[in-house]
Amino acid sequence: MSNDRIDSILQEERQFPPPSAFAQLARIRSASELAALRERAAADHTGFWAELARKELSWHTPFQTILDDSAAPRYQWFKEGTLNVSYNCLDRQLAERGDKTAIIFEGEPGDTRHITYAELHRDVCRFANALKAQGVAKGDRVVIYMPMIPEAVIAMQACARIGAIHSVVFGGFSAESLKDRIEDAGAKLLITADGGHRGGKIIELKAAADKALNHGCASIEKVIVYKRSGHGVPMQTGRDVWWSDTIADQAAQCEPVWVESEHPLFLLYTSGSTGKPKGIQHSSAGYLLGAVVTLQWVFDIRDDDVFWCTADVGWVTGHSYVAYGPLACGATMVIYEGSPAVPDTGRFWKVCQDHRVTIFYTAPTAIRALMKHGDAIPARYDLSTLRLLGSVGEPINPEAWMWYHRVIGRERCPIVDTWWQTETGAHMIAPVPGAVPTKPGSCTLPLPGIAADVVDEQGNSITTANQGGYLVIKKPWPFMLRTIWGDHERYIKTYWGKFGGQYYLAGDSARRDQDGYFWIMGRIDDVLNVSGHRLGTMEVESALVAHPRVAEAAVVGRPDDVKGETIFAYVVLRGERPPGGIDHALTEELRLWVAEQIGAIAKPDDIRYADNLPKTRSGKIMRRLLRSIAAGVAITQDTSTLENEAILLQLQGKQ
């Protein structure tokens with residue numbers, strides 16, 4: 001057996017064609033229409049993107065050079081062109097949609113607001129003027145550390161309006177994480193809040209910000225604080241100022257600053273394998289184009305849609321599909337501040353019902369967590385307005401996909417399972433819902449203009465169906481990252497080094513089935529090496545979740561002298577956890593179940609039961625923690641971002 005081959009062990013045969021009622025009204029209504037779009041992109045890669053850029057974006061100065069690859073992999077798109085992202089999102093909506101609702105906001109305590117495009121434009125302009133009054137200018141970095149409230153989007157749009165570069169730090173991150181990001185970006189100003197509502201508690205954002213600033217962050221000159229929670233916080237004289245005071249005398253008009261197409265719109269930090277966060281840098285024009293066209297292709301966005309992406313703006317999903325894409329398309333979107341389990345696990349479905357949501361986009365971790373509580377809770381709510389469902393953040397296992405389809409979509413809503421990354425800027429591989437049959441667990445096919453492939457260790461395309469390899473992108477695309485802030489060499493090494501600069505390396509393993517559909521098998525560094533077999537973690541997890549007793553599972557490798565690695569599984573059950581976390585009969589039943597589903601090689605050697613998995617407040621599973629626990633080594637990394645730190649004791653077998 002080749003050492004570099006990744007074996008696929010998951011078999012999934014179910015397939016769902018686009019519902020005819022959906023396809024009849026879709027933007028792209030058939031496989032032939034989609035094929036024609038793909039052929040145009042393949043025949044003239046740069047011309048295809050240039051045509052879309054001229055059609056979908058409003059330019060102040062037209063671009064001349066479509067793609068400059070002279071300094072590859074520092075690719076530059078639409079050079080000589082100038083535009084403003086905030087203008088594209090707001091000003092061009094005013095004539096036709098000024099009175100249309102742009103944002104429907106619901107806070108965790110139950111407060112609601114409806115903000116029209118005209119009102120949003122006014123609020124963004126006033127805050128943009130406030131930023132200028134605080135000394136912020138084009139090219140300055142501004143860090144945003146906010147709850148999931150409309151003011152977070154207003155702050156992002158205001159930065160874009162004046163050409164400042166924003167870096168949003170997720171409100172669940174610790175003071176130390178905030179400090180690291182402020183210092184790496186060299187930020188001039190910090191925008192935060194007294195606190196935010198999450199999980200029935202107040203998240204003390206200002207307190208965390210003060211802690212960060214007290215231990216560094218010398219570049220910060222001013223801190224703007226929004227009153228959200230209403231509880232008192234200390235304000236440092238000369239540095240801290242209330243949001244309401246900064247906008248009190250500001251004009252409701254602010255001329256947009258026209259920036260070059262390649263001007264950085266934002267930095268967004270992701271965790272690096274070295275532990276040092278990577279500041280992913282995105283452009284203005286190419287990035288916005290990706291957000292717009294994917295909303296059209298993948299979400300089939302219409303003027304009467306109510307679009308709800310549940311992601312926080314601290315993640316790239318909240319950038320592309322909350323702060324920028326929906327507004328650039330003139331959509332109405334929902335923003336919800338808090339937890340899906342407050343006051344109970346029906347909150348998501350109540351929000352969908354109350355605000356008549358038509359497109360719902362969330363993470364597999366949220367779907368599995370809600371699935372654990374059964375079908376009866378969603379059944380209480382009127383979900384008849386839903387017409388399209390989406391999944392983002394990690395591969396969705398087939399059984400969670402089926403529950404989503406059956407219980408939430410009531411078997412009439414297509415599901416768009418989207419593969420993309422912070423680095424890619426927008427969807428790369430995803431179903432076009434009116435044209436592509438879906439398969440539970442597959443992100444299906446690359447979008448037009450995206451040259452995705454699966455290659456072996458030498459970079460050769462793998463043509464054998466269901467043989468796993470490295471997921472790569474073979475041609476540049478407009479909404480790709482441009483560099484890592486302050487560390488271009490790291491950018492080249494991380495994303496382009498393995499195959500000599502030929503291909504973008506996604507860091508995921510994948511396979512293609514007999515129909516050419518892509519299946520993500522997990523991160524390359526999460527591949528298990530069991531007795532010479534290289535197995536993707538996601539496939540073992542999917543087999544476990546297919547068992548009727550299992551709600552969620554995470555699988556990691558544990559070093560083993562004989563096998564190389566053994567499979568260690570953490571399992572969350574539907575219903576109660578066994579007393580003391582031990583159930584030998586169920587453990588053996590699950591091991592045999594996995595063997596029957598995908599083969600004896602994939603049987604977990606250890607299974608540990610817990611009430612939950614170690615997740616950040618955004619729903620991401622912290623797999624590094626799970627690997628440390630499985631290996632029996634001390635946990636040295638920061639755990640303050642966990643939704644529930646106490647769960648670590650269960651996972652370690654101490655409760």
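In this predicted model, Thr101 stands opposite Thr116, a residue of strand E6. The two strands involved are E5, which covers residues 101–106, and E6; they run antiparallel and are joined by five bridges. Strands of a sheet pair through backbone hydrogen bonds, and the pairing can be parallel or antiparallel.

E5 and E6 belong to an open sheet of seven strands. Read across the sheet, the order is E6-E5-E18-E17-E19-E20-E21, and the pairing is mixed. Strand E6 (112–116) and strand E21 (415–417) are the edge strands; each has a single partner strand, so one side of each has no neighbour in the sheet. From one strand to the next, the twist averages 20°.

A helix also packs on this sheet. Helix H7, made of residues 150–162, touches E5, E6 and strand E18 (332–336). The direction of H7 makes about 30° with that of E6.

Helix H18 spans residues 537–545 and helix H19 spans residues 584–598. Their axes come within 9 Å and cross at roughly 115°. The crossing of H18 and H19 is right-handed.

Which residues of H18 and H19 make the contact? From H18 they are Glu539, Val540, Ala543 and Leu544. From H19 they are Leu590, Trp593, Val594, Gln597 and Ile598. Sorted by class, the contact of H18 with H19 holds seven nonpolar residues, one polar residue and one charged residue.

Methods
Residues numbered from 1 in each chain as written. Predicted model: local features only at pLDDT ≥ 70, side-chain atom pairs only at ≥ 80, totals over all residues. Heavy atoms only, no water. Pairing = 2+ DSSP bridges. Helix = DSSP H or I, 4+ residues; strand = E, 2+ residues; numbered from the N terminus. Axes fitted to C-alpha atoms, helices over the stretch in contact; angles between N-to-C directions. Contact = heavy atoms within 4.5 Å. Left-handed = near helix turned anticlockwise from the far one by under 90°. Nonpolar A, V, L, I, M, F, W, Y, C, P; charged D, E, K, R; others polar.
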